[in-house]
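Colleague: I would like to learn how to read a structure like this one. Could we go through it feature by feature?

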Amino acid sequence: MTGSSAGKQTGNRTSSGPETTSIDPRLPAGGIEMLTPAAIAPASYYKIGDQITFGWNYTSLIVTPTAIDILATCSACASAYTLANNASVKETGSVVWDTSGYATGTNPLLTESYTLIIHDAAQATTAAAQAGYLGTYDSFMFGMYAPQPYSDLGNFVCATCSGALSNMERQTLKFLFGMGIITIMSFTWFAGGFGVFGVF
């Protein structure tokens with residue numbers, strides 16, 4: 001794995017090659033701590049077509065990778081979207097994803113859940129994490145949704161509301177309602193004629 005080193009190192013520089021870094025294997029692998037959105041923030045949902053900003057810090061990183069790749073993957077649609085390739089590594093990382101280019105096309109974004117992936121560009125996303133080196137980060141999930149076109153309320157039809165009933169269904173409901181009124185009125189007249197209510 002190539003990359004510049006950051007933090008305390010041990011090792012000797014020789015004339016035959018670059019300085020090597022010796023890392024205690026008991027140390028944790030380098031990781032990512034999300035800043036935008038914050039790790040403690042509620043679930044994040046973004047509209048397809050908007051620009052999305054992700055920001056993060058690095059943790060337990062001893063050897064800094066030369067570059068990183070940033071992806072968004074969707075398991076439901078078996079797709080991966082590149083946010084940045086070979087991006088430089090800074091103390092605080094960030095990327096702005098313009099999703100307007102994925103609203104249509106051969107591989108459009110869908111209303112689904114997505115996973116943000118950040119990893120060392122020199123390593124595969126499936127590479128085993130090593131002490132002090134950046135491991136693949138895939139712990140942040142977010143949702144994407146497609147905006148719906150404007151619908152005039154006057155022409156809106158609710159598929160699950162009574163307004164969407166057929167004429168036959170509406171006539172049946174009117175008949176039942178009418179029969180209920182007649183039944184109540186008949187009982188009131190009958191009870192009144194025999195003095196039922198007068199007992200009380």
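Modeller: We start with a definition: two strands pair if DSSP finds at least two bridges between them. Keep in mind that this is a predicted model.

Colleague: What is the order of the strands in the open sheet of five strands?

Modeller: The order is β3-β10-β9-β6-β7, and the pairing is mixed. At the edges are β3 (45-47) and β7, each of which pairs on one side only. Neighbouring strands in this sheet are turned against each other by 30° on average, with direction ignored.

Colleague: Which pattern does the protein chain follow along the sequence?

Modeller: The pattern is β-β-β-β-β-β-β-β-β-β-α. In total the protein chain has 10 strands and one helix.

Colleague: How many bridges hold the pairing of β6 and β7?

Modeller: Strand β6 (residues 68-74) and strand β7 (residues 79-87) pair over six bridges, in the antiparallel sense. Isoleucine 68 stands opposite alanine 87 in β7. β6 also pairs with strand β9 (residues 112-120), again antiparallel, over six bridges. There, the bridge partner of isoleucine 68 is aspartate 120 in β9.

Colleague: Which strands make up the open sheet of three strands?

Modeller: The order is β2-β4-β8, with antiparallel pairing. β2 and β8 each have a single partner strand, so one side of each is left without a neighbour in the sheet. Neighbouring strands here are turned by 30° against each other on average, direction ignored. Strand β4 (residues 51-59) pairs with β8 over seven bridges. Two positions illustrate this pairing: isoleucine 52 has tryptophan 97 in β8 as its bridge partner, and phenylalanine 54 stands opposite valine 95 in β8.

Colleague: Which residues of β8 are on the covered face, and which on the uncovered one?

Modeller: The general idea comes before the case. In a regular strand the side chains alternate between the two faces of the sheet. In strand β8 (residues 92-98), Gly93, Val95 and Trp97 form the covered face. The uncovered face has Thr92, Ser94, Val96 and Asp98.

Colleague: Which residues have the most contacts inside the largest nonpolar core?

Modeller: Again, the general idea is that in soluble globular proteins, nonpolar side chains tend to be buried together. The largest nonpolar core here has 28 residues, and those with the most contacts inside it are Phe54, Trp56, Ile70, Trp97, Leu116 and Phe142. Two or more residues of this core come from each of β2 (31-36), β4, β6, β7, β8, β9 and β10 (137-145). Another core, of five residues, lies apart from it and includes Ile23, Ile62, Ala131 and Tyr133.

Colleague: What does leucine 116 touch?

Modeller: Leaving out residues up to four places away in sequence, leucine 116 touches Met34, Phe54, Ile70, Leu71, Leu83, Tyr137, Asp138, Ser139, Phe140 and Phe142. For the chain as a whole, take the contacts with a separation of 6 or more: residues 24 or more positions apart account for 69% of them.

Colleague: How many disulfides are there?

Modeller: A disulfide is a covalent bond between the sulfur atoms of two cysteines. The test used here is a pair of cysteine sulfur atoms within 2.5 Å, and by this rule the count is zero. Cysteine 74 is buried, because its relative accessible area of 2% falls under the 20% limit. Cysteine 77, at 22%, is partly exposed.

Colleague: Is asparagine 86 buried or exposed?

Modeller: Asparagine 86 counts as exposed because its relative accessibility is 58%, and exposed means over 50%. Serine 60, at 40%, counts as partly exposed.

Colleague: How much of the protein chain counts as buried?

Modeller: Of its 200 residues, 28% count as buried. The accessible surface of the protein chain is about 13,400 Å², and carbon and sulfur atoms hold 57% of it.

Conventions: Residues are numbered from 1 along each chain as its sequence is written. This is a predicted model: local features need pLDDT of at least 70, side-chain atom pairs count only at pLDDT 80 or more; totals for chains, interfaces and linings use all residues. Side-chain values use heavy atoms; hydrogens and water are left out. Buried means under 20% relative accessible area, exposed over 50%, partly exposed in between (1.4 Å probe, protein chains only). Helices (H or I, at least four residues) and strands (E, at least two) are DSSP runs, numbered from the N terminus. Contact means heavy atoms within 4.5 Å. Accessible areas come from the Shrake-Rupley method with a 1.4 Å probe; for residues, only the protein chains shown count as cover. Axes are lines fitted to C-alpha atoms, for helices over the stretch in contact, and angles run from 0 to 180 degrees between N-to-C directions. A nonpolar core is a set of buried Ala, Val, Leu, Ile, Met, Phe, Trp, Tyr and Cys residues joined through side-chain atoms within 4.5 Å.
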